[in-house]
Amino acid sequence: MCKILDERCPESAPHKPYVAFRYADPLTEEMYQRLLDDGFGKQGRAVAFTQYPQYSCSTTGSSLNELWRWRIRLEGKEPEDGGVRWSVIDRWPVHPGLIEAFAQNIEAQLATYPKEVRKDVVLLFSAHSLPMSVVNRGDTYPAEVAATVHAVMTRLNFSNPYRLCWQSQVGPSAWLGAQTSDTVMAYVRKGHTDLVLIPIAFTSDHIETLFELDQEVIHEAKQEGGTGVKRAESLNGSPTFIGALADVAERHLRSGEGCSRQMGIRCQGCKSERCLEQKRFFMNTERNVEEVIR
């Protein structure tokens, strides 16, 4: 991605990638310290580019809270040298390149079915679920995932029947449904044995695709007679996807924006002071500072 960006935006090249995870190595504090060691603390330009296309307070929001926390710990509220000049790409659920990359992988999997049944294959878009307590607080994630699904189906000209379902629920509390595993089994038992699972909120393979979908959901479906249950490949290193990442970054750099307009408004039921301060910080990175809507 950075090589493509160097070609498209030579005025801000070279572009150097840093990786930070919320709960795995390298952690946010490790990444931040490397930025400072590399001299970015003297008003160096940095973009926090979420790899979650759809925003949720529990994913991107939590990660940005952590980034803001370590900024305060390592640089202070008013760094002497000006500090790292941050902006953030906080969501990109309907970017054309993202949609095209999803559509290409779906079409590739549909092509593995006999032509006479291909149009009847059910497309099941699967995204990580959220506790209903988060949904009812006003989290935008369900709407943004649905927007991605609709954009993909528009690109596919609504060629197949489809549904959106939700995976990875844990614990006894209520979660957003219907669950992916229950959905697959329900359709198989109703005679819909040709299904394609599409991880629509994940951009790369990990335990929730390689194990939960491939080894649990699909394996159980085949035991029940769902011999045509398959999964579309994750985006991973798709050239179309990598090109989309570069385009998202280029548009952001050229826009001069500190974050999206959506970042400036909190969830209706949000009471987190950390969230408020984090949003104020990223909104204040723009020239025209706007008050975060409480």
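In this predicted model, helix α4 (residues 96-110) and helix α10 (residues 239-255) pack with their axes 8 Å apart and at an angle of about 170°. Since angles over 145 degrees count as roughly antiparallel, α4 and α10 are therefore described as roughly antiparallel to each other.

**Helices α4 and α10**

- On the α4 side the contact is formed by Gly97, Leu98, Glu100, Ala101 and Gln104, which meet Thr240, Phe241 and Ala244 on the α10 side.

**Helices α7 and α9**

- Helix α7 (residues 180-189) packs with helix α9 (residues 212-223) at an angle of about 25°, and the axes of the two helices lie 9 Å apart.
- Because angles under 35 degrees count as roughly parallel, α7 and α9 are therefore placed in that class, roughly parallel to each other, and their crossing is right-handed.
- From α7, the residues Thr180, Ser181, Val184, Met185 and Val188 meet Leu213, Val217, Glu220 and Ala221 of α9, and the residues of this contact divide into 6 nonpolar, 2 polar and 1 charged.

**Helix α2: its buried side and its end**

- Within helix α2 (residues 28-37), the buried residues are Thr28, Met31, Tyr32 and Leu35.
- These residues lie on the same side of α2, because the arc that they cover around the axis is only 100°.
- The partners against which the buried residues of α2 pack are α3 (57-75) and β2 (83-89).
- After α2 comes Gly39, a residue whose phi is positive, near 95°.

**Helices α2 and α3**

- The axes of α2 and α3 cross at roughly 50° and come within 10 Å; the two helices are therefore oblique to each other, and the crossing is right-handed.
- The contact draws on Thr28, Glu29, Met31, Tyr32, Gln33 and Leu36 from α2, and on Glu66, Leu67, Trp70, Arg71, Leu74 and Glu75 from α3.

**Glu144 in helix α6**

- Glu144 is located in helix α6 (residues 141-155), and Glu144 counts as buried because its relative accessibility is 8%, where the cut-off for buried is under 20%.
- When residues up to four places away in sequence are not counted, Glu144 touches Pro53, Gln54, Tyr55, Arg91 and Pro93.

- Trp175 sits in the loop between β4 (162-167) and α7.
- Apart from its neighbours within four places in sequence, Trp175 is in contact with His128, Ser129, Leu130, Pro131 and Met132, as well as with Ser168, Gln169 and Val170.
- Between Trp175 and Ile4, which are 171 residues apart along the chain, the separation of the C-alpha atoms is 40 Å.

How values were computed: Residues numbered from 1 in each chain as written. Predicted model: local features only at pLDDT ≥ 70, side-chain atom pairs only at ≥ 80, totals over all residues. Heavy atoms only, no water. Buried < 20%, exposed > 50% of the residue type's maximum accessible area, 1.4 Å probe, protein only. Helix = DSSP H or I, 4+ residues; strand = E, 2+ residues; numbered from the N terminus. Arc of directions from axis to C-beta. Contact = heavy atoms within 4.5 Å. Axes fitted to C-alpha atoms, helices over the stretch in contact; angles between N-to-C directions. Parallel < 35°, antiparallel > 145°, perpendicular 65-115°, else oblique. Left-handed = near helix turned anticlockwise from the far one by under 90°. Nonpolar A, V, L, I, M, F, W, Y, C, P; charged D, E, K, R; others polar.
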